[in-house]
Amino acid sequence: MKKFYKEIILLFIQIFMFYISPLFAGPTDVMGMVFLIFIMTFILSFIMGCFSKEKIKYFYPIIVSILFIPSIFIYYNDSAFVHSIWYMFDSIIGLVLGSIVRKIFVR
């Protein structure tokens, strides 16, 4: 469990972004909240790519996509399923860029 401490912390932050932060958005702020979650997903996956040495980090995009699905039923409507795919691609891009930065600066 201590081995995956960084990954677990980042996943809890991601869960906070999916489930707690929409509570503070008003009914007209939904698109802003989706954009904020999109940016935070990229930043968290970039951090995961930069700082994690474990191979489990490559499952992060899939986990993010799966974690978002229950929030669709809680906060959004059925048309938000496509956002699950966008969050997965967003986290793939962030993870790849973070891994590249790690390879360049950590030898």
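Val64 lies in helix α3 of this predicted model. Val64 is buried, its relative accessible area being 0%. Leaving aside neighbours within four places in sequence, Val64 is in contact with Gln14, Phe18, Thr41, Tyr87 and Ser91.

- Val64 and Tyr87 are 23 residues apart along the chain, and their C-alpha atoms are separated by 7.0 Å.
- Tyr87 is buried, with a relative accessible area of 1%.
- Ser91, another contact of Val64, has its place in helix α4.
- Ser91 counts as buried because its relative accessibility is 0%, and the cut-off for buried is under 20%.
- Not counting residues up to four places away in sequence, Ser91 touches Thr41, Ser45, Tyr60, Pro61 and Val64.

**The nonpolar core**

- In soluble globular proteins, nonpolar side chains tend to be buried together.
- The largest nonpolar core in this model has 18 residues.
- The residues with the most contacts inside this core are Phe18, Ile37, Tyr60, Phe68, Tyr76 and Tyr87.
- Two or more residues are given to this core by each of the elements α1 (5-19), α2 (30-51), α3 (60-75) and α4 (81-105).
- Tyr60, one of the core residues named above, is in contact with Leu10, Leu11, Gln14, Leu44, Ser45, Met48 and Ser91, if its neighbours within four places in sequence are left aside.

**Aromatic residues**

- A search of the whole structure finds eight aromatic pairs.
- In the pair formed by Phe68 and Tyr87, the ring centres are 4.7 Å apart and the planes stand at 75°, so the pair is edge-to-face.
- This pair links distant parts of the chain, for Phe68 is in helix α3 and Tyr87 is in helix α4, 19 residues apart.
- Phe68 counts as buried, at 1% relative accessibility.
- One aromatic cluster is formed by Phe18, Phe38, Phe68, Tyr75, Tyr76 and Tyr87.

- Ser84 is found in helix α4.
- Ser84 counts as buried because its relative accessibility is 4%, and the cut-off is under 20%.
- Ser84 touches Ser65, Phe68 and Ile69, not counting residues up to four places away in sequence.

**Partly exposed residues and the surface patch**

- Ile62 is found in helix α3.
- With a relative accessible area of 42%, Ile62 is partly exposed.
- Ile62 and Ile85 are 23 residues apart in sequence, and the distance between their C-alpha atoms is 9.3 Å.
- Ile85 is one of the residues that make a nonpolar surface patch of about 930 Å².
- Ile93 is partly exposed because its relative accessible area is 47%, which falls between the cut-offs of 20% and 50%.

Methods
Residues numbered from 1 in each chain as written. Predicted model: local features only at pLDDT ≥ 70, side-chain atom pairs only at ≥ 80, totals over all residues. Heavy atoms only, no water. Core = buried A, V, L, I, M, F, W, Y, C linked by side-chain atoms within 4.5 Å. Buried < 20%, exposed > 50% of the residue type's maximum accessible area, 1.4 Å probe, protein only. Helix = DSSP H or I, 4+ residues; strand = E, 2+ residues; numbered from the N terminus. Contact = heavy atoms within 4.5 Å. Patch = residues over 30% accessible without salt bridge, like charges linked within 9 Å, V, L, I, M, F, W, Y side chains within 5 Å. Areas by Shrake-Rupley, 256 points an atom, 1.4 Å probe, with all protein chains shown as cover. Salt bridge = Lys/Arg side-chain N within 4 Å of Asp/Glu carboxyl O. Phe/Tyr/Trp six-rings, centres within 6.5 Å; stacked < 30°, edge-to-face > 60°.
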